[in-house]
Amino acid sequence: MSDRKVVGIIGLFDDPDSLIAAAKKVRDTGYTKWDCHTPYPVHGLDDAMGLKPTPMPYITITAGLIGGALAMYMMYWMSAVDYPVRIGGKPYFSWPAFVPITFEAFVLFAGLATMGGMIVLTKLGSWASPLHDNDVMGEVTSSRMGVVLDADDEKFGEDSARDLLGEVGCQDIRVLYAADDEEA
Amino acid sequence: MNPPPPDSSTLEEPVVDSSRAAKLQADLRKLDADIQAPMESFPTQRWLGAFGLAQIGAVIFLITFVYTIARGIGVWGNNNPVGWGFAITNFVFWIGIGHAGTLISAILYLLRQKWRTPIARFAEAMTIFAVIVALQFPLVHTGRPWLAAYWLLPLPNANNIWVNFRSPLLWDVFAVSTYALVSIMFWYTGLIPDLAAARDRAQHRVRKLVYGILSLGWKGSNRAWQHYEKAYLLFAGLSTPLVLSVHSVVSFDFATSVIPGWHTTIFPPYFVAGAVFSGFAMVATLIIIMRKYFKLQHVITLDHLDLMNRIVLVTSLMVGYAYMMELFIAWYSGVVFERFAFMNRAMGSYGWAYAIMVTCNVILPQLLWFKKIRRTIKFMYPIVIAVNIGMWFERFVIIMALHRDYLPSSWHDFTPTWVDYGMLIGSFGLFFTLLLLFCRFLPTVAIAEAKMDAPGAQPTGGHHE
């Protein structure tokens, strides 16, 4: 067991208050490569971890504006430039009639970008994590809350990490090993 | 692998009362077990029976669909001047059903209405299946669905001509397809953490693999939750104006014409209210059965049904107001054709449909003023069923305005054929097939959201430091 590569240490908590306290402690100790795993979003954890605000809204609005502009331009070009047809005595570029589709294109582009941006930012689509295929994964998607200290962090040491989690009252500390060294 | 034994050399006592933490752990695990129980057990005979019935309906739908394509839409009761019959009625009916799902999942989310949590997932699923069913009708009405993309979308074609962007029918194409895509993405986003929970509970290899792939490797990481929660909020923010726009655009199909009764400004708000009305009635119709059958009465309580019934009552009043206002404006306008159209609507060939519409949509829902009726399943159930029927007839009544236009020589009544009835009945079969599959394979209640609202699930002392 001892020759397996340690990739991190996880401390499991049973309630959100202890988790928040632990997160603040880890943040203040100066760890950068660490994370909290919870079965549901815990209010205030972003602050406790010291996370920067998410850029999601900018992604959504930018994509939406691009979508709306493209739609209006497409309708202008098709109705007034490429093949102008006089319909109902209206101008070729009768923009008020183009508003509904411009709006729908805004929402469509914004929605696609929100989904795509979320997948990229949350690193979904990656199954490569020492947590997968580990019993601890089931615990943190079901009911318990874990603080993971990554072995790649400069401050990481197996004993010091253990001590840090112990200091904040964690009673269930487990070592995470690299997946490729698994026995079973 | 076996995790090493827990380290017992802790330096401090836990900072909180351990019994509270133990209760939270028990609550969260119970939520997981209760909500996922239907997914983990073998289908019961009642489910199989219901699924069999739905399959019969779906087969009827398939047969009538293929028959229509093979013989042409002449097999329907449509004629001149009633160029639109059951197909558009069914289309608007199903789209309207879908709207309650978006209202519950997006608008009530933005308004921080916590009571939406247990019903939101189910209502969203209903939205998606209703939109899928609705989309079949314009598709089959094109006669040649495999060519429909050329008529519906601005694609380069041999004639070098483009679609007409000034037509409400084209707006419909964009509105409904955007609505379908955004609803699916919103729903899937909500599902990801729950699929991960299902993956980690799964015992069977195949289940683990399928849920594992679908959950995209979700780890419950807070660095992910942070983006995820904002994305969910943004989806809610996008869906809210979207749902209002979709039914407004659908109503433009009947509002921007010059036919009497089809030239009116009241339609967009009236259609949106009607959609919410019929949608909530459908959610109630289905969820009353679902909660009993899956034993989720403690998750979806009578309080939730009471609140839904109040929304049905409020929207019934809005719809009733619109019916009266239509009649009033027809009279007040002084236009003889307008007056004739509305008198004919209430007393003409389809006066019976108008009577069903008013009874089911305006008169019967008034019973929901009584608390006892709002909170008793056997009383409320017939009412919500009546609303479903009434709202189908509302669209039928509007479309039947076509049978008396300006020119008496072109007047013609509409008589549905067996194909029309088959498609209507079959569409329910298709809808229930999808819904029953959803109930078996996916969590019908948003687990992560239910956990989030569990007592003691959030840290004490406010949301922020």
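The structure is a predicted model, in which local features need pLDDT of at least 70 and side-chain atom pairs count only at pLDDT 80 or more, whereas totals for chains, interfaces and linings use all residues. Residues are numbered from 1 along each chain as its sequence is written, and chains are lettered from A in the order in which they are written.

In chain B, helix H3 (residues 86–110) packs against helix H14 (residues 377–399) at an angle of about 140 degrees, with the axes 9 Å apart (helices being DSSP runs of H or I of at least four residues, and strands runs of E of at least two; axes being lines fitted to C-alpha atoms over the stretch in contact, with angles from 0 to 180 degrees between N-to-C directions). H3(B) and H14(B) are therefore oblique to each other. Residues including B:Val92 and B:Phe93 in H3(B) meet residues including B:Trp392 and B:Phe396 in H14(B), contact being defined by C-beta atoms, placed from the backbone, within 7 Å.

Between the chains, 81 residues of chain A are in contact with 72 residues of chain B. Helix H4(A) gives the most to the side of chain A that touches chain B, with twelve residues.

Elsewhere in chain B, B:Phe280 touches B:Ala100, B:Met308, B:Ile311, B:Val312 and B:Thr315, when residues up to four places away in sequence are not counted.

Note on methods: Parallel < 35°, antiparallel > 145°, perpendicular 65-115°, else oblique. Contact = placed C-beta atoms within 7 Å.
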